[in-house]
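Colleague: I have a few questions about this model. Can you put it up?
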Amino acid sequence: MRDGHFLNRFYKCCATGALALMGIGEPAGAETLHFSGACSAGDRLTVAAVGDLLFHKKLQAQAYSKNSSFKRFFTPVLKVLKGADLTYGNLEGPAARGVGPNGRAVKDPGKRLGVVYGAPLKSLAFNYHPSVVADLKESGFDVLSTANNHSMDRGALGADRTVDTLRKAGLPFTGSRKRSDAPGPWHVITKAKGFTVAWLGCTYSTNGIPDPKNQILHCYKQKGEILSEIKALRADSEMDAIFLTPHWGVENRHKPGARQKDLARAAIEAGATAVFGAHPHVLQPWEKVVAADEREGLVVYSAGNFISNQRQTAERAGIIAVVELVRPVGGKARLAAAGYIPTWVQIDAKGHRVSFNTSSKGRTGEALARTLGLLPAGNRIAPKWPVVLPTDCENSVFTAPKGPKPDRYWVRNIDSPKSGRSRKAKSTNVWNRVFSGTSKRKRQRRTGSTR
Ligand SMILES: [Zn+2]
């Protein structure tokens, strides 16, 4: 209760100010992550990444109604999903034709909410009608992760048939495989505008459901394998970018934990271009990491829920992260710029859908203030296509706080504040105090999520 009062007080006293201080159009500065490739000449590729695609029962009921589909949830944001050269999301649950809640084959009931497609018996063991995959493809998604805590909700057969669904639809995916697939690398390659991009998905857990055939890539148990695979991809001269997409973190917690930070930083060091994480249902900060060989990497610790039926303000706030790669003639591709578009899960008489959040009032205004307090405010971009990403051509180098040597990690709200941080950076740490140490979060600090 005290925390609630504190939050209200924070919103009243600071949220409007935070919006004004950190809104679109703020000059590039300490609150903006810049990349040294910003103004290099060369070929360019734009990649968009969102968080979790979590179709709870209420959403499936809408998708299965007459003349409807899963496409209905994305209509307001289609221009960005379709505009990006590559668009990524996490499919949180099986899309397994005719697999019951016990993981056994049953007759396919068609697009109908029940024990086969839904989350029966309050178990939240998800399964989505396979049409979800074609609908996501038509909504602009080019690659999905299938590694998450719900991957094994319908057992080994469910994981097998989800792979069948994706292969049949021709939608690339990473992080899972069939029992009959030969063991080997876990990544998938996508090609766009002459760029070759590798994606590697993993999860912290499968909710305690056994994965005896190792059909799902596990972020921590298989960390060595993940880093080796990234190193091998980095050594491939054809590879322009490598994205790790981990499903990790503690639900409803805005702060990444030590294991997340360790894996993210090790992945960049090994050769990853960026890390796009999700699972906590809420946003977590961004971090720029500079590897020992001076390569710059971006870590999005959690992009939050993109679509779900979760109702708390922080659970309805997400982002579309957008990064741009540049490949100079004869050179290696690298990050040129990054930005994010705040999103909000709209829920009303017409159902659920993802919308752009540009509001400064009410609940959506609170959500936006929270987003701008957690992420580098100067990297917020307007919801239009083509996007205009923040660049700073005169100083398109690492913009860490001044010191004898640049930090390897440009950290916001992650590690303890160091001297030399700006007042604004300190003020945004209020969010961490607000969201840490509450009894609610402690209750939610558990593995084996069922949400
Ligand atoms: Zn999850």
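Predicted model: local features only at pLDDT ≥ 70, side-chain atom pairs only at ≥ 80, totals over all residues.

Colleague: Which residues in the largest nonpolar core touch the most other members?
Modeller: Ala272, Val300, Ile320, Ala321 and Val322, out of 114 residues. A nonpolar core is a set of buried Ala, Val, Leu, Ile, Met, Phe, Trp, Tyr and Cys residues joined through C-beta atoms within 7 Å. Buried takes 20 or more other C-beta atoms within 10 Å of the residue's own, exposed 12 or fewer, partly exposed in between, with C-beta atoms placed from the backbone.

Colleague: And what does Ile320 touch?
Modeller: Ala48, Val50, Val77, Val80, Tyr340, Ile341 and Thr343, not counting residues up to four places away in sequence. Contact means C-beta atoms, placed from the backbone, within 7 Å.

Colleague: New topic. What do the buried residues of H5 pack against?
Modeller: Helix H4 (131–138) and strand S4 (173–174). Helices (H or I, at least four residues) and strands (E, at least two) are DSSP runs, numbered from the N terminus. Among the buried residues of H5 are Asp160 and Arg161.

Colleague: Where is Asn357, and why does Asn357 count as buried?
Modeller: Asn357 lies in the loop between strand S14 (351–356) and helix H9 (362–374). It counts as buried because it has 22 C-beta neighbours inside 10 Å. Asn357 and Leu368 are 6.8 Å apart, C-alpha to C-alpha, and 11 residues apart in sequence.

Technical notes
Residues numbered from 1 in each chain as written. Contact = placed C-beta atoms within 7 Å.
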